[in-house]
Amino acid sequence: MLEPDEKALLPEGLHDTLARDAEYEAEVIGRLLTCFARQGYDLVLPPLVEFEESLLAGPGKAQSRHMFRVMDPASQRMMGVRTDLTGQVARIARTRLGNAPRPLRLAYAGDVLRVKGTQLRPERQFIQCGVELLGSDSPQAYVEIILLAHEALTSVGIKDLSLDLTLPSLVPAICRGMDITEDHARAVRHALDAKDIGELEAIEGDIGEISRQLLKAAGCAETALDILGQLTLPAPAEAMIDELGQVVSRLREIAPGLQITIDPGEYQGFEYHTGLGFTLFAPGVRGELGRGGRYEANAELKSKREPATGFSLYLDSLMRALPAPVPVNRLYVPFGTDPAELPPLRDQNYRTVQGLEPCADPVKEARRLGCSHVLKEGTVLTL
């Protein structure tokens, strides 16, 4: 039989968040959602659990292996715990908001749960906070979404933010245009994503030379665009690169301080994306702060497909990138204090901790309870 303390152990990848960290996290989420709302993104709150087939539709399909499943005793149907909120927002847009004017701007925040973590993100439960812009495939949609992510992260205190852009559909488009077999194309794509120069050197012909140039292009945005612009590629691939150049140019105009890199061969984590994808990083922080890009909402329903662009911020990584929370002023109020004295003190940002019984030494009691101040004969004293 387990001892009481052993019963309180949490599964790997799950943890309790205690005060003041829990309060700080809630404050950060509130500031992010306020930033989203100021730019016209309306908050929606999907349920934590849905029927399995609903969660696995569209973008959710890529997360199938990460999903916890449970049998619904009411309907006798299999349900899943969400691993990502993007697909749920797409479902809301298609159903409850199917007649709402487009482009449709939606924001969200909530916990997700996954079967296992990764090396960079061992947490299995964490909060996602983000937005989706549905119904537009304009390059300006990319710019709006990326700038919103930049503004939101800056508003909560992130500095030296970097943006890594990728084109997960570029290599498949090149291979299709060059009539490369599916197996050969898969090998090229895998080698580029893994940055395996040895494997790329072994690839012969034009596709081998192009893929080596794509690897060489990974890095600073301007250098990457220069290398990509010199390649002779099929028309669809050239159109993707042209759009990428437009987005980078516009971002340089509006946010000149944003560090931008390009990795044209990366696709892990962007499997369902149909256009530009991006990742947000902060220096010295484990894991990415967020990901986003263009995808096709409701791709499984031909009559209701629509382009969508969005991003998700990961609160576990984000909180690691922020400075420690500012200590709060906890004021110990001895037993018997007139309650009418407390509201003005709270208005001065003191958090009052009420004594529940008389004590001989209020100062000692205040320190025992972790207070920074004590109320003594109507005067606030700093400990």
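Biologist: Which residues lie nearest the centre of the largest pocket, and how many line it?

Modeller: This is a predicted model. In it, 35 residues line the largest pocket, and those nearest its centre are Gln63, Arg114, Gly269, Glu288 and Arg291.

Biologist: Which elements give two or more residues to that lining?

Modeller: They are the strands β6 (125-134), β10 (273-281), β11 (290-297) and β12 (306-314).

Biologist: What is the volume of the largest pocket, and how do the residues of its lining divide by class?

Modeller: The volume is about 880 Å³. The lining holds 9 nonpolar, 14 polar and 12 charged residues.

Biologist: I would like to follow up on Glu288. Where is its place in the chain, and is it buried or exposed?

Modeller: Glutamate 288 sits in the loop between β10 and β11. The residue is buried, as its relative accessible area is 12%.

Biologist: Which residues is glutamate 288 in contact with, leaving aside its neighbours within four places in sequence?

Modeller: Its contacts are Arg121, Thr279, Leu280, Phe281, Tyr314 and Ser317.

Biologist: And how many residues apart in sequence are glutamate 288 and aspartate 111, and what is the C-alpha to C-alpha figure?

Modeller: The two are 177 residues apart in sequence, and their C-alpha atoms are 17 Å apart in space.

Biologist: Let us turn to the second largest pocket. What is its volume, and which residues are closest to its centre?

Modeller: Its volume is about 390 Å³. The lining has 16 residues, and His15, Thr17, Glu25, Asp316 and Met319 are the closest to the centre.

Biologist: Which elements supply at least two residues of that lining, and where does the largest share come from?

Modeller: Helix α2 (21-38), strand β6 and helix α12 (315-321) each supply at least two. The largest share, 4 residues, comes from α12. By class, the lining of this second pocket has 6 nonpolar, 3 polar and 7 charged residues.

Biologist: Now the cysteines. How many disulfides does the count come to?

Modeller: The count is 0 disulfides.

Biologist: A change of topic: helix α10. Which of its residues are buried?

Modeller: In α10, which spans residues 221-229, the buried residues are Ala221, Ala224, Ile227 and Leu228.

Biologist: Where do these buried residues fall, seen down the axis of α10?

Modeller: They fall within an arc of 130°, so they line one face of the helix.

Biologist: What do the buried residues of α10 pack against?

Modeller: They pack against α9 (205-217), β8 (219-220), α11 (235-254) and β9 (259-262).

Biologist: Next, the backbone. Which peptide bond that ends at arginine 20 is cis, and where is arginine 20 found?

Modeller: The bond from alanine 19 to arginine 20 is cis, with omega near 5°. Arginine 20 belongs to the loop between α1 (4-7) and α2. The peptide bond from arginine 102 to proline 103 is also cis, with omega near 0°. Proline 103 is in the loop between α4 (86-94) and β5 (104-113).

Biologist: What is the phi of aspartate 160, and of aspartate 179?

Modeller: Aspartate 160 has a positive phi of about 55°, although it is not a glycine. For aspartate 179, phi is likewise positive and near 55°.

Biologist: Where do those two aspartates lie, and are they buried or exposed?

Modeller: Aspartate 160 is in the loop between α5 (139-155) and β7 (162-166), and it is exposed, with a relative accessible area of 62%. Aspartate 179 is in the loop between α6 (170-177) and α7 (182-193), and it is exposed at 70%.

Biologist: Finally, how many helices and strands does the chain have?

Modeller: The chain has 14 helices and 16 strands. Of its 383 residues, 45% are buried.

Methods
Residues are numbered from 1 along each chain as its sequence is written. This is a predicted model: local features need pLDDT of at least 70, side-chain atom pairs count only at pLDDT 80 or more; totals for chains, interfaces and linings use all residues. Side-chain values use heavy atoms; hydrogens and water are left out. A disulfide is a pair of cysteine sulfur atoms within 2.5 Å. On a 1 Å grid over the protein atoms alone, a cavity is a set of points where a 1.4 Å probe fits but cannot get out, and a pocket is an open set with protein on both sides within 12 Å along at least five of seven lines; lining residues have an atom within 4 Å of a point. Grid points are joined across faces, edges and corners, and a volume is the space filled by probe spheres set on the points. Ala, Val, Leu, Ile, Met, Phe, Trp, Tyr, Cys and Pro count as nonpolar, Asp, Glu, Lys and Arg as charged, and the others, Gly among them, as polar. Buried means under 20% relative accessible area, exposed over 50%, partly exposed in between (1.4 Å probe, protein chains only). The arc is that of the directions from the helix axis to the C-beta atoms. Contact means heavy atoms within 4.5 Å.
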